[in-house]
Amino acid sequence: MQIPHIELDQFHCVECNKHFTDKGFNYYSGNIEYGPAYFSDEGVLCSPQCALDHFQRRTREGTLK
Ligand SMILES: [Zn+2]
């Protein structure tokens, strides 16, 4: 899945606030041009760990659809 017409510079991880272009941010297929590897309806996630934290938090909060 690819996100069309995204402004990459505006992305921050919704869990740890890492900037999209910072070292350690995971990109789709490892290519920054393809956008983030992980995201939810709230925003983007930088790594498998943040994705996991995010979905666990959302599950606890009951906000995950
Ligand atoms: Zn993160």
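What follows describes a predicted model, starting with its core and moving on to a helix and a lysine.

## The nonpolar core

The largest nonpolar core has 10 residues: Phe-11, Cys-13, Val-14, Phe-25, Tyr-38, Val-44, Leu-45, Cys-46, Cys-50 and Ala-51. Two elements, β2 (43-45) and α1 (48-61), each give two or more residues to this core. In soluble globular proteins, nonpolar side chains tend to be buried together.

Leaving aside residues up to four places away in sequence, Cys-46 touches Cys-13, Cys-16, Lys-18, Gly-24, Phe-25 and Asn-26.

## The helix α1

The buried residues of α1 are Cys-50, Ala-51 and His-54. They lie on the same side of α1, because they cover an arc of only 105° around its axis. Among the parts of the structure that cover them are β1 (38-40) and β2.

Turn to the face pointing away from that buried side, and you will find the exposed residues Pro-48, Gln-56, Thr-59 and Arg-60. The length of α1 also agrees with expectation: at 1.5 Å a residue, its 14 residues should span 20 Å, and its end C-alpha atoms are 20 Å apart. Just after α1 comes Gly-62, with a positive phi of about 75°.

## A buried lysine

Is Lys-18 buried or exposed? Lys-18 counts as buried because 20 other C-beta atoms lie within 10 Å. This lysine sits in the segment before β1.

Not counting residues up to four places away in sequence, Lys-18 touches His-12, Cys-13, Gly-24, Phe-25 and Cys-46.

How values were computed: Residues numbered from 1 in each chain as written. Predicted model: local features only at pLDDT ≥ 70, side-chain atom pairs only at ≥ 80, totals over all residues. Core = buried A, V, L, I, M, F, W, Y, C linked by C-beta atoms within 7 Å. Buried ≥ 20, exposed ≤ 12 C-beta atoms within 10 Å, placed from the backbone. Helix = DSSP H or I, 4+ residues; strand = E, 2+ residues; numbered from the N terminus. Contact = placed C-beta atoms within 7 Å. Expected span 1.5 Å × (residues − 1). Arc of directions from axis to C-beta.
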